[in-house]
Amino acid sequence: MIIDGKKEAEILRHEIKKEISLLKGKINKVPSLSVILVGNYTPSEIYVKNKVKKSKEVGINSDVIRYPDDVSEKEILRKIIELNEDSEVSGILVQLPLPKQINKEKIINLIHPSKDVDGFHPINVGNLASGYHAITPCTPLGCSLLIKKIEKDLTGKHAVIVGRSNLNGKPMAQLLLKENCTVTIVHSKTKNIKAECLKADILVVAIGVPNFVKKDWVKEDSIIIDVGINKVENKIVGDVKFEDVKEKVKAITPVPGGVGPMTIACLLKNTLECFKARLI
Ligand code: NAP
């Protein structure tokens, strides 16, 4: 089975749109997302454009605050304080990467955890690791929603995650642990990654190495989630050799059209959650 991330994201966005419309009818307010974009790095421009477009479609107000590449760290920090204090702002997103003169850690740590739609603030990271309610990074959240569409109860499943980034691998592991999976994380220093992958009932690959996982690395009846986005000869491919692997496994996400669309839909979901939390 090919997991249709585009369709699942559309369903999720439809649910979000419906909820926002209901809330608007009741309280005459809608969520609002502020995006800070520094410089003119083309992939960031494309991501932000897409985030704004999809926000609008579901009824979220979005505001892009642009800065030139040589903006000072102080200026960004000042803006974040302003957005933190603005009761009309539900969520704050700082598009990464940032130029060298800006300390990413300082920026992330200053965003109020209740407005941290990316789920990168240490408070949200800690809450997720503790199994508490947390704003969860959008890509792993999207992956877990896709996995749960295939298999409702993940109890006792062996999940193997390839990659240990703060963005993907680590939060993915926490989410699957919460679902009672037995979780193994492998990374660039792991010996015999193939042997680990072969144990996986659920395999999530997030490393950025094209076609890394091959057909003889996966079990029949496994679920494969490919987070990777790699450009090879003007084509976008994932971290899994899709054409071969798809023949063998129970379910697999394609690239493009798998995890990617769910990431943006989950950003909208997080923005709505932040908005609702402020209404209480
Ligand atoms: P990252 O921060 O660069 O982390 C990569 C991870 O992969 C690291 O933990 C690294 O291990 C591991 N790794 C690299 N090469 C490896 C190898 N040969 N064998 C085993 N492990 C290896 O990357 P990221 O931000 O998590 O992104 C990963 C991929 O996902 C990229 O292709 C990115 O474009 C894509 N992505 C997709 C979405 C989406 O919406 N679909 C969202 C975000 C990212 P070490 O820690 O040992 O260095």
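Which residues are buried in helix H7 (residues 169-178)? In this predicted model, Gly169, Pro171, Met172, Ala173, Leu175 and Leu176 are buried in helix H7, where buried means under 20% relative accessible area with a 1.4 Å probe, protein chains only. Helices (H or I, at least four residues) and strands (E, at least two) are DSSP runs, numbered from the N terminus.

After H7 comes Asn180, with a positive phi near 70°.

The chain as a whole contains 10 helices and 10 strands, and 48% of its 280 residues count as buried. Because a compact globule of 280 residues would have a radius of gyration near 19 Å, the 19 Å of the chain agrees with that expectation; the radius is taken over C-alpha atoms, and the globule rule is 2.2 Å times the number of residues to the power 0.38. Among contacts between residues at least 6 apart in sequence, 69% join residues at least 24 apart.

The domain assignment, automatic or from a database, gives domain 1 (28-112) and domain 2 (138-260). Their centres, taken over C-alpha atoms, are separated by 29 Å.

Residues are numbered from 1 along each chain as its sequence is written. Local features need pLDDT of at least 70, side-chain atom pairs count only at pLDDT 80 or more, and totals for chains, interfaces and linings use all residues, while side-chain values use heavy atoms, with hydrogens and water left out.

Technical notes. Buried < 20%, exposed > 50% of the residue type's maximum accessible area, 1.4 Å probe, protein only. Contact = heavy atoms within 4.5 Å.
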